[in-house]
Amino acid sequence: MSDVGAARQFGTGPLSRASALIYTLLIVELLVLLTAVPGLVGLVLLDRHASNVPLMAACLLPAGPAISAALYALRHRRRELTELRPAAAFWRGYRANFGGIMKIWVPWLLLLTVLGTSLGNFSAAGVPGWWAVLQVVIAAGSTLWVANALVITSLFAFRAVDVARLAAWSLGRFPAATLANACLLIVAGGVTLIASEAVLSLLASVLVATLLWNSRSMITEVQQRFTRQ
């Protein structure tokens with residue numbers, strides 16, 4: 001093989017692509033931790049008590065833009081070792097999507113704050129048990145919705161109201177993706193309950209990559225039907 005041919009092959013083989021993916025995941029993980037660290041420290045220090053639910057929600061504020069930037073970086077990642085720019089893609093996505101993400105992230109956190117406070121004081125409220133079940137269903141459904149909204153906002157330029165509609169529409173339009181994200185939510189919740197928020201944060205890039213993989217059919221259809229090619 002000639003030197004030119006060897007140069008063209010460098011960085012394009014299976015091992016190189018795997019190394020590129022691992023490198024990208026590590027860099028994205030470090031940047032997620034960097035941008036979300038103030039909130040993560042607060043979450044770790046707070047007791048899991050109903051009175052701390054509003055503070056927990058406040059600690060999660062930096063996580064929205066961080067997850068969005070990670071989604072953007074992983075979506076636009078290069079697969080060749082010679083073309084890796086994960087940090088640049090992360091910061092580009094962070095700056096571009098910050099405002100749009102906060103428009104959906106903050107209302108969702110407010111909803112979870114209300115639901116979490118209510119459930120935490122459920123025994124003192126004197127309401128029927130089905131009300132607690134309904135609140136859990138609303139919390140789970142809204143989390144699946146915000147997962148779709150995060151992906152759409154991170155990868156496309158839509159108004160917040162359009163993002164909300166597309167995210168809700170996608171829940172029923174792509175049941176396999178919704179089920180896969182529900183399983184991802186269960187895994188994340190299990191890790192948090194068994195270990196801690198700190199352990200969950202160390203898996204952030206892997207969880208974001210899984211969310212992106214689960215959403216590939218939604219991404220394709222949104223791109224084909226609702227954007228200009």
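## Exercises on a predicted model

A search of the whole structure finds zero disulfides (a disulfide being a pair of cysteine sulfur atoms within 2.5 Å). This is a predicted model: local features need pLDDT of at least 70, side-chain atom pairs count only at pLDDT 80 or more, and totals for chains, interfaces and linings use all residues. Residues are numbered from 1 along each chain as its sequence is written, and side-chain values use heavy atoms, with hydrogens and water left out.

**Exercise 1.** Find which residues touch the most other members of the largest nonpolar core.

*Solution.* Start with the term. A nonpolar core is a set of buried Ala, Val, Leu, Ile, Met, Phe, Trp, Tyr and Cys residues joined through side-chain atoms within 4.5 Å. Buried means under 20% relative accessible area, exposed over 50%, partly exposed in between (1.4 Å probe, protein chains only). The largest core has 45 residues, and Val32, Leu71, Phe90, Trp105, Val151 and Ile152 touch the most other members. Several helices each supply at least two residues, among them H2 (14-45), H5 (86-120) and H7 (129-155). Helices are DSSP runs (H or I, at least four residues), numbered from the N terminus.

**Exercise 2.** Describe the setting of Ile152 in helix H7.

*Solution.* First, check burial: Ile152 has a relative accessible area of 1%, so this residue is buried. Next, list contacts (heavy atoms within 4.5 Å). Leaving out residues up to four places away in sequence, Ile152 touches Phe158, Val163, Leu166, Ala167 and Met218.

**Exercise 3.** Classify the ring pairs Phe90–Tyr94 and Trp91–Tyr94.

*Solution.* Rings of Phe, Tyr and Trp (its six-membered ring) pair if their centres lie within 6.5 Å; planes under 30 degrees apart count as stacked, over 60 as edge-to-face and the rest as tilted. The count comes to eight aromatic pairs. Phe90 and Tyr94 are stacked, 6.3 Å centre to centre with 25 degrees between the planes. Trp91 and Tyr94 have centres 5.8 Å apart and planes at 70 degrees, so this pair is edge-to-face. Now compare burial. Tyr94 is buried at 18%, whereas Trp91 is partly exposed at 31%. Ring pairs link Phe90, Trp91, Tyr94 and Phe98 into a cluster.

**Exercise 4.** Decide whether Asn214 is buried or exposed, and find its polar contact.

*Solution.* Asn214 is found in helix H11. Its relative accessible area is 13%, so Asn214 is buried. The side chain of Asn214 makes a polar contact with the side chain of Asn181 at 3.1 Å. A polar contact is a pair of N or O atoms within 3.5 Å; within protein, one must be able to donate a hydrogen and the other to accept it, and residues adjacent in sequence count only if both atoms are side-chain atoms.
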